Amino acid sequence: MKYLIANWKMSIYNAQIDQFFKDFKRSQFPLNITYGVSVPSVYLQKTALTLKKNGWLAGGQNVAFAESGAYTGENSAKMLKEVGADFCLVGHSERRTYFNEDNQTINKKINRLLNNDIKPLLCIGETLQEYENKQTKKVLLKQLKECLCDIKDVSNIIIAYEPVWAIGTGKTASVKDIKTNIQYIKQVLQKKFGKTVPVLYGGSVKPGMSADIFKIDCVDGALVGGASLNCADFLGIAKDM
Ligand code: PGA
């Protein structure tokens, strides 16, 4: 089963959400793909209802590292669950960069989500400097080891390999690099947990060019930012799968 997951980031308002679903009604999304949308938390409850009615998964974009209590401005995993989250992004590079999230915090968030029966969609990937210094595998290994340090069972986790330099830049990683790095992630998981999980690619995925990425046998789908805001673009990517 392939996954196609939208990440609406902080780029969408009520009017665009309504437009997305209006277009969605007239669209024929291919079957045999698991679809999901990561929604800003203020719109999650209303959006989750429509998504679920159509068999799509509803997701959060962030979760508090703590279970509950005096954490002004945060949303706990239990709150996300109550408003319909099936999955939630963790470790997105924008959270790591702008909110100083480290692997230890991400690990706590993964635990909170698993305890509340929400699938973590863990994002990992190297920066441009790390890529140029040929440190990609080292970075991926560290992120996987630290983010999943005390996790006993990875069955409910999904991973997205997102090179930081490819996110929102219009540059995608090469087929060769995507293949090498996703194979590597799967090897690490296999060694540590005796099993592997779905691994998606993310970073400037657009309709048309995405077909080359989905031809890579180890790629289990995509996490899409910019091109997921418009239903026609998102459908174009689904048709590439
Ligand atoms: P992008 O974003 O598709 O706009 O590069 C991907 C992501 O941030 O998950």
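1. Basis. The model is predicted, so local features need pLDDT of at least 70 and side-chain atom pairs count only at pLDDT 80 or more, while totals for chains, interfaces and linings use all residues. Residues are numbered from 1 along each chain as its sequence is written, and side-chain values use heavy atoms, with hydrogens and water left out.

2. Overall fold. The protein has ten helices and eight strands (DSSP runs numbered from the N terminus: helices are H or I with at least four residues, strands are E with at least two). Its radius of gyration is 17 Å, close to the 18 Å of the globule rule for 241 residues, so the protein is as compact as a globular protein of that length (the radius is taken over C-alpha atoms, and the rule is 2.2 Å times the number of residues to the power 0.38). The C-alpha trace spans about 45 × 45 × 30 Å along its principal axes.

3. Of the 241 residues, 52% count as buried (under 20% relative accessible area; exposed is over 50%, partly exposed in between, with a 1.4 Å probe and protein chains only). The accessible surface comes to about 11700 Å², and 51% of this belongs to carbon and sulfur atoms (Shrake-Rupley method, 1.4 Å probe; for residues, only the protein chains shown count as cover). Among contacts between residues at least 6 apart in sequence, 73% join residues at least 24 apart (contact means heavy atoms within 4.5 Å).

4. Largest pocket. The volume is about 530 Å³. Pockets and cavities are found on a 1 Å grid over the protein atoms alone: a cavity is a set of points where a 1.4 Å probe fits but cannot get out, a pocket is an open set with protein on both sides within 12 Å along at least five of seven lines, and lining residues have an atom within 4 Å of a point. Points are joined across faces, edges and corners, and a volume is the space filled by probe spheres set on them. The lining has 20 residues, with Lys-9, Met-10, Gln-61, Asn-62 and Arg-95 nearest the centre. Helices H2 (41-53) and H4 (93-98) each supply at least two residues, and H4 gives the most, with three. By class, nine are nonpolar, seven polar and four charged (nonpolar: Ala, Val, Leu, Ile, Met, Phe, Trp, Tyr, Cys and Pro; charged: Asp, Glu, Lys and Arg; polar: the others, Gly among them).

5. Second largest pocket. This pocket has a volume of about 260 Å³. Gly-125, Thr-127, Glu-130, Val-139 and Gln-143 are the closest to its centre among 13 lining residues. H4 and helix H7 (136-147) give two or more residues each, with H7 giving the most, four. The lining has two nonpolar, seven polar and four charged residues.

6. Cavity. The structure holds one cavity of 30 Å³ or more, and about 40 Å³ of space lies in the largest cavity. Its lining includes Gly-91, Cys-123, Gly-125, Gln-143 and Glu-162. The elements that give two or more residues are H4 and strand S5 (119-124). By class, the lining has four nonpolar, four polar and two charged residues.

7. Ser-76. This residue sits in the loop between strand S3 (57-60) and helix H3 (77-82). Ser-76 counts as buried, at 7% relative accessibility. Leaving aside residues up to four places away in sequence, Ser-76 touches Val-63, Ala-64 and Glu-67.
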